[in-house]
Amino acid sequence: MEKKLQGQIAIITGASSGIGAGVSKALAAAGATVVVNYPVAATQAAAEAVLAEIKADGGVGITCQCDVSKEAEVQKCLPM
């Protein structure tokens, strides 16, 4: 697959399962660095599993727990 998103960062909310996990994997495959967001501690293992799949396929990313409806939590999550 062509890496059209190389150098881009994608933040995917609810990325620990379902559509969010699929989108995370697709964006990583397209070259984006992904932030696999998960809302609560109980879903951390699932988010880490998604990130492990991304990395196994040669992708790059991090996991982050935050409630995206709270700006302060989002700011703490991003290393920028």
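This is a predicted model: local features need pLDDT of at least 70, side-chain atom pairs count only at pLDDT 80 or more; totals for chains, interfaces and linings use all residues.
Biologist: What makes the pair of cysteine 64 and cysteine 77 a disulfide?

Modeller: The sulfur atoms of cysteine 64 and cysteine 77 are 1.1 Å apart, and the cut-off is within 2.5 Å, so the pair counts as a disulfide. A search of the whole structure finds one disulfide.

Biologist: Which parts does the pair tie together?

Modeller: Cysteine 64 is in strand S3 (residues 60–65) and cysteine 77 is in helix H3 (residues 71–77), so parts 13 residues apart in sequence are tied together.

Biologist: Why is cysteine 66 in no disulfide?

Modeller: The nearest cysteine sulfur to that of cysteine 66 belongs to cysteine 64 and is 4.1 Å away.

Biologist: Why are cysteine 64, cysteine 77 and cysteine 66 called buried?

Modeller: Buried means under 20% relative accessible area. Cysteine 64 has 5%, cysteine 77 has 15% and cysteine 66 has 4%, so each counts as buried.

Biologist: How do you know that the span of helix H2 agrees with what its residues should give?

Modeller: H2 covers residues 44–56, which is 13 residues. At 1.5 Å a residue the helix should span 18 Å, and its end C-alpha atoms are 18 Å apart, so the two values agree.

Biologist: What makes the buried residues of H2 line one face?

Modeller: The buried residues in H2 include Ala47, Val50, Leu51 and Ile54. Seen down the helix axis, the buried residues fall within an arc of 95°, so they line one face. An α-helix has 3.6 residues a turn, so residues three or four places apart point the same way.

Biologist: What lies on the two sides of H2?

Modeller: Helix H1 (18–29), strand S2 (33–38) and S3 are among the elements covering the buried residues of H2. The face turned away from the buried side carries Ala45 and Ala56, which are exposed. After H2 comes glycine 58, with a positive phi near 90°.

Biologist: Which elements give two or more residues to the largest nonpolar core?

Modeller: The largest nonpolar core has 12 residues, among them Ala10, Ile12, Val34, Tyr38 and Val50. Strand S1 (9–12), H1, S2 and H2 each give two or more residues to this core.

Biologist: What does valine 50 touch?

Modeller: Leaving out residues up to four places away in sequence, valine 50 touches Ala15, Ser16, Ala21, Ser24, Lys25 and Val36. Ala15, Ala21 and Val36 are also listed in the largest nonpolar core.

Definitions and conventions. Residues are numbered from 1 along each chain as its sequence is written. Side-chain values use heavy atoms; hydrogens and water are left out. Helices (H or I, at least four residues) and strands (E, at least two) are DSSP runs, numbered from the N terminus. Buried means under 20% relative accessible area, exposed over 50%, partly exposed in between (1.4 Å probe, protein chains only). The expected span of a helix is 1.5 Å times one less than its number of residues. The arc is that of the directions from the helix axis to the C-beta atoms. Contact means heavy atoms within 4.5 Å. A nonpolar core is a set of buried Ala, Val, Leu, Ile, Met, Phe, Trp, Tyr and Cys residues joined through side-chain atoms within 4.5 Å.
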